[in-house]
Amino acid sequence: MDDRRQRFEALALPHMDAAYNLARWLSRSPVEADDIVQDAMLRAFRAFDGFRGGDIKAWLLTIVRNCWLSTAAGNRRRAHASLEDQELPATEASPEDAAIRAGAQRRMDLLIAQLAPEFREVLILREMVDLSYREIAEITGTPIGTVMSRLARARTQLRESAKDVL
Amino acid sequence: MSCDHILATQSYLDGQLNGAESDAAERHLQTCFECQQFAAQAADLSDALRNATRHPAPEFLRARVRAALRREAAPSKVRAFWWGAASGGGASALAAALALFLFLPPSAASLAEAVADAHARALTSGKTIMVASSNHHVVKPWLAAHAGLSPPTTDFAAQGFVLTGGRTDTIAGDKAAVSVYAHGNHELDLFTWVAKGGALPRSTTVRGFHTAFWKEGDLNFAAVSDMDEAAFQKFVELARE
C-alpha cells in the first residue's frame, strides 16, 4: 500500500545512527537529539519525492543540521538553561577541572562539546561521519575553503585543550 | 602554524587530494618540519578522538520514527489506492521488488563482483588510500576509527608486499576496512568486514582481477589484485597465517 514509505525506510533508516550522532553532538542533549532526528526524518519523508538520487546520507544529515538550527534558534529565544550545563557538577571549578576528573572518553567528549558550533560540526562530520570536504561543504552550506580552515582551527583548539589527554 | 602549506597538508592527510596534488603535498611534507609536526599532532588527535563517544540511535527512537512515518503515510492511502488501481499495481510491485532486493543478502557470485568493482573503482578514481602510512600503528587505529572494526594490518614488506595505507569502502552495503599493499607496480586491496553468515565465493578471477575470500572469527576477508597469480597466492597464504 504505502510503498513510498517502505522505499524511504529502506534507504533512510540505515542512516539513523549517523543522524542521531550528529544531532546529539550538535545539540549536546539526548532529549533534543531525539526530537531533532524525528523531525528530520519526517521532513525528509515529506521531501522524499524531491530527492533525485545521489548520496542520501549527506542529504539526510543536511536536514538534521537544519532541524538543529531551527531548534537552536527556538532555544535561544526561550533562553533556558541547556542540558549540557546541568551535566557538569556545580562543584567543579571549571570545565577543564571536570574534564581531568573524568575518564578519557568523558574528557574527549567534554572538550569537543566546548568547541564553538561551527568548529564542532566540521570536526564531527570529518572525524566521526568520515565525510569528504566537499560533502561537508554541501551539508554546512559553506565554501570548501572555509571547511578546511574551520577544520584546522577545530583541530588546533582541541589539541591545545586536550594536551593532557594526548 | 605559519607554513602556507598547512591546509594542503591537512587535505593530504585527510585523503582529499588527487594524484598530482597529493604528490606535491607529499613532497612538501618530506621537507617541511612544521607540516611534519602538524601531521604527527593530527595523527595523535585522530587517535584521541577514537575515545570520543559515537552515539547510536536508541531503539525506542527507531520505533518512534517508524510509527511517525506510518502516521504520516496513512492519509495518502486513499490516493495510493486509486493510483494503484489505475496503474494495475505495477508501480507498487516494482517498489516492493526493489525493497526486497535491498534486504536480500548478496549472493556469493555477486560478492566477488562487488569486491572486484570496489577495487577497480578505487583504482580508477585514484582514491585507493585515505590514510597513507606504512606504519601499521597508524593504519590500524585509523581503520578501527573509520570502519568500526580492527583488521590485521601486518606489513609484509620483507616478502615483497608493502603496506601503503588504508581506506574505508563498501562491499554490498557493508562497511569494510581496506588495507592497501603495493607489490611492484601492482596494488592489492585486503578487505575486512563483519561476517553476517552467508556463503563466501570461491577464489576466482573477475575481469582480470584475482580474488580470494576467507573467514576468520567473525570477520570476512577478501583479497583482490591484478598482480600475477603466483604472487597473489603467496600474499593470500601470508595473510591467512
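Mentor: Two residues are in contact if their C-beta atoms, placed from the backbone, lie within 7 Å. In chain B, residues 24 or more positions apart account for 54% of the contacts with a separation of 6 or more. This is a predicted model, in which local features need pLDDT of at least 70 and side-chain atom pairs count only at pLDDT 80 or more, while totals for chains, interfaces and linings use all residues. Residues are numbered from 1 along each chain as its sequence is written, and chains are lettered from A and ligands numbered from 1 in the order in which they are written.

Trainee: How many helices and strands does chain B have?

Mentor: Chain B has 9 helices and 7 strands, taken as DSSP runs (helices H or I, at least four residues; strands E, at least two) numbered from the N terminus. Of its 241 residues, 30% are buried, that is, with 20 or more other C-beta atoms within 10 Å of their own.

Trainee: Which strands pair with E7(B)?

Mentor: Strands pair if DSSP finds at least two bridges between them. E7(B), residues 219–225, has 6 of its 7 residues buried. Strand E4 (residues 186–194) of chain B runs antiparallel to E7(B), joined by 7 bridges; B:Leu188 has B:Ser225 as its bridge partner. Strand E6 (residues 209–216) of chain B is also antiparallel to E7(B), over 7 bridges, with B:Glu216 partnered by B:Leu219. E6(B) and E7(B) form a hairpin with 2 residues between them, and B:Gly217 in the turn has a positive phi of about 60°.

Trainee: At what angle do H1(B) and H2(B) pack?

Mentor: Two packed helices are described by the angle between their axes and the distance between the axes. Helix H1 (residues 6–13) and helix H2 (residues 19–31) of chain B pack at about 115°, with axes 9 Å apart; the axes are lines fitted to C-alpha atoms over the stretch in contact, and angles run from 0 to 180 degrees between N-to-C directions. H1(B) is therefore roughly perpendicular to H2(B), a class covering 65 to 115 degrees. B:Ala8, B:Thr9, B:Ser11 and B:Tyr12 of H1(B) meet B:Ser22, B:Ala25, B:Glu26, B:His28 and B:Leu29 of H2(B).

Trainee: How many residues of chain A are in contact with chain B?

Mentor: In chain A, 42 residues are in contact with 41 residues of chain B. Helices giving two or more residues to the chain A side include H1 (3–12), H3 (30–46) and H10 (144–161) of chain A. H10(A) gives the largest share, 8 residues.

Methods. A residue is buried if 20 or more other C-beta atoms lie within 10 Å of its own, exposed if 12 or fewer, and partly exposed in between; C-beta atoms are placed from the backbone. Angles under 35 degrees count as roughly parallel, over 145 as roughly antiparallel, 65 to 115 as roughly perpendicular and the rest as oblique.
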